[in-house]
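This report describes selected features of one protein chain.

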Amino acid sequence: MNFDKYDQDVQQWIQTVLTNYRQDPDTTLKYSNFIVSYGTETNDSRLIGIGYFYIAISYYHLNDGEKFFETVSKALNHLENAKEWEYIAKCYNLLGIIAMSRGNLPVAYDYYLSGIAYCEKYNFPDIKVILDNNCAAINFQSKRYKAGLKYIYDSLDYVRQHPESADYHRQLLCLYENIALSKVMQGCFDEAADTFKLLHEKYLPNGDQLDKIGCTIAEALYYHKSGQSAKRDEIIAEIDNSILQKAYFDLMDDYFMYAEMLLECDKDTEFLNVITAL
């Protein structure tokens, strides 16, 4: 996205936001508000929409669902006016994640499908990969494995053809993690084991904290359902001691599946720790 038409102050604010939005929500909030204020003064819907988008991202990382919904709605109005279709697709993905974290799968699915429609109409295949992966997760939760895997394999075909993408390894990690989880849920334990091995050897070393938490929880479910209780208990101890420091909207469905597993194996203390973290 090109911001060359704006003066140096605005370009600096935007660059600060783009540099910090993944890891520093406070700095992102500060400079995004500068962008919104300037956009309001100059009647620039593009700046207002982008500013609100990154404010919403900050609330998302701060796990403040109410402020997120309020802000992303403002962002969407201005982004529509400015025809910033890529950011609109991203907004629908975030809305889907929040709805999914609240257990509202039909609404989440509608948000994801809206995002996919923008991606297909305006050609944003990398964002569509994320939305496909999230649609797959909803289908897996509903035990619609064939429908879910279609989303996964369609995206895999695209990603494999574009190894030059900056998100190449991250995209493959997320896709294979969902494949592993679907195999666990279907009782295909040999295939699940092969997929976890692939994840550890090729993709997890480059993953972030969210990726590693999601994969660790999936492995705990694998050991539980395949009857490997000693291995399962090792993973449970690892999660209980180091991972449950903060709950993330992105992983709410993972946490809920994990909590159900803890009840099944009479891990009451660990179950309460998950509920406390949520």
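## Packing of α7 and α8

In this predicted model, helices α7 and α8 are roughly antiparallel to each other, because angles over 145 degrees are counted as such. Their axes cross at roughly 160° and come within 8 Å. Helix α7 spans residues 125-141, and helix α8 spans residues 145-160. The crossing of the two helices is left-handed.

On the α7 side, the contact is formed by P125, D126, K128, V129, D132, N133, C135, A136, N139 and F140. Helix α8 contributes Y145, A147, G148, L149, Y151, I152, S155, Y158 and V159. By class, the residues of this contact comprise twelve nonpolar, four polar and three charged.

## Packing of α6 and α7

Helix α7 also packs with helix α6, which covers residues 105-122. The angle between α6 and α7 is about 155°, and their axes are 9 Å apart. This angle therefore makes α6 roughly antiparallel to α7. The crossing of α6 and α7 is left-handed.

From α6, the residues making the contact are L105, A108, Y109, Y112, L113, G115, I116, C119 and E120. Their partners in α7 are I127, K128, L131, D132, N134, C135, I138, N139 and Q141. The residues of the contact of α6 with α7 fall into eleven nonpolar, four polar and three charged.

Two or more lining residues come from each of α9 (168-186), α11 (209-225) and α13 (252-264). Helix α13 gives the most to the lining, with six residues. The lining as a whole consists of nine nonpolar, three polar and five charged residues.

## Surroundings of F69

F69 is located in helix α4, which runs over residues 65-82. When residues up to four places away in sequence are left out, F69 touches L95, I98, R102 and Y111.

One of these partners, I98, lies 29 residues from F69 along the chain. The C-alpha atoms of F69 and I98 are separated by 8.6 Å.

Conventions: Residues are numbered from 1 along each chain as its sequence is written. This is a predicted model: local features need pLDDT of at least 70, side-chain atom pairs count only at pLDDT 80 or more; totals for chains, interfaces and linings use all residues. Side-chain values use heavy atoms; hydrogens and water are left out. Axes are lines fitted to C-alpha atoms, for helices over the stretch in contact, and angles run from 0 to 180 degrees between N-to-C directions. Helices (H or I, at least four residues) and strands (E, at least two) are DSSP runs, numbered from the N terminus. Angles under 35 degrees count as roughly parallel, over 145 as roughly antiparallel, 65 to 115 as roughly perpendicular and the rest as oblique. A crossing is left-handed if the near helix is turned anticlockwise from the far one by less than a right angle, and right-handed if clockwise. Contact means heavy atoms within 4.5 Å. Ala, Val, Leu, Ile, Met, Phe, Trp, Tyr, Cys and Pro count as nonpolar, Asp, Glu, Lys and Arg as charged, and the others, Gly among them, as polar.
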